[in-house]
Amino acid sequence: MLSILLKFKKEKTIEHEIAEIQQGNTELQNRIIHDYKPFIAKTVSSVCKRFINESDDEFSIGLIAFNEAIEKYSIEKGSSFIAFSELLIKRRVIDYIRKEAKLRMIHIEEEEEKDAAQTYLDTKLSMEEFYRKIEQEQRREEIIHYQKVLKEFGINFQELVEQSPKHFDARLNAIKVAKLLAENRELCTKLFEKKQLPIKQLQSMVHLSRKTLERNRKYIIAITIVLTGDYVYLQDYIKGVLQ
């Protein structure tokens, strides 16, 4: 009996604990949040490019984002809880930085006098450059997170490029299959648990041969990951193709 209990304890992961929290275990939630404060601070610090302590506003934003991740996480997000929470924390902190910069810009606009027009223009251009860098950072974080999830399925960017459908119609059909898969909770859960495309079930739902599905397997999985995850920029690309 002791060996069974020890085995269960060993196999219990953060994902299992998150599931317990989502069932109402607030005591465990408070413990997890407390235990992961160093992780939150480190993640926030990687965005702010400076040391972060618990008294900083940015840390508070990270803490709220981590709690949000606990509430929103599911296996269908296509990644581990840590990877998912890291992406969410960075996104919320970046949004906060952008909002604060915008407020400072409004303040400058209200206070600048007419004879300081050039100073205002220089400041505005500087802020636009800042926004551009923030957006680049968001895109970079999405891609890094996406690469981590692809790796869980044994897929890397290089082979994804090489094995992607070359013709637009074939690519569109593969995206439609991925969209269908993403909207099917049962199949989607099976995909992320087994890390395999449920080809047999999909074949009965689409007008494509098994050979075609197998040939485009990695591409379909990759698109499904985007559709089910929190990928703002990558999803925009797919929406553009579908439209």
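**Notebook: cavity, pocket, helix contact, annotations**

I looked up the largest cavity and found a volume of about 60 Å³. A cavity here is a set of points, on a 1 Å grid over the protein atoms alone, where a 1.4 Å probe fits but cannot get out. Grid points are joined across faces, edges and corners, and a volume is the space filled by probe spheres set on the points. The structure holds 1 cavity of 30 Å³ or more.

I noted the ground rules. This is a predicted model, where local features need pLDDT of at least 70, side-chain atom pairs count only at pLDDT 80 or more, and totals for chains, interfaces and linings use all residues. Residues are numbered from 1 along each chain as its sequence is written, and side-chain values use heavy atoms, with hydrogens and water left out.

I listed the cavity lining, meaning residues with an atom within 4 Å of a point. Ala 83, Glu 86, Leu 87, Lys 90, Glu 141, Ile 144, His 145 and Lys 148 form this lining. Helices α6 (81-111) and α7 each give two or more residues. Helices are DSSP runs (H or I, at least four residues), strands likewise (E, at least two), numbered from the N terminus. By class I get 3 nonpolar, 1 polar and 4 charged. Ala, Val, Leu, Ile, Met, Phe, Trp, Tyr, Cys and Pro count as nonpolar, Asp, Glu, Lys and Arg as charged, and the others, Gly among them, as polar.

Next, the largest pocket: about 290 Å³. A pocket is an open set with protein on both sides within 12 Å along at least five of seven lines. Of its 14 lining residues, Tyr 146, Leu 160, Tyr 219, Ile 223 and Tyr 237 are the closest to the centre. α13 gives the most to this lining, with 4 residues. I count 12 nonpolar, 1 polar and 1 charged residues there.

Then I checked α2 (residues 14-22) against α5 (residues 57-72). Their axes come within 8 Å and cross at roughly 85 degrees. Axes are lines fitted to C-alpha atoms, for helices over the stretch in contact, with angles from 0 to 180 degrees between N-to-C directions. So α2 is roughly perpendicular to α5 (65 to 115 degrees). Ile 18, Ile 21 and Gln 22 of α2 meet Ile 70, Glu 71 and Lys 72 of α5 (heavy atoms within 4.5 Å).

Last, I read the UniProt record. An unreviewed entry lists residues 57-70 as "short sequence motif: Polymerase core binding". That span is 100% helix.

Terms used
Angles under 35 degrees count as roughly parallel, over 145 as roughly antiparallel, 65 to 115 as roughly perpendicular and the rest as oblique. UniProt positions are given in the numbering used here, feature names are shortened, and annotations may be inferred rather than shown by experiment.
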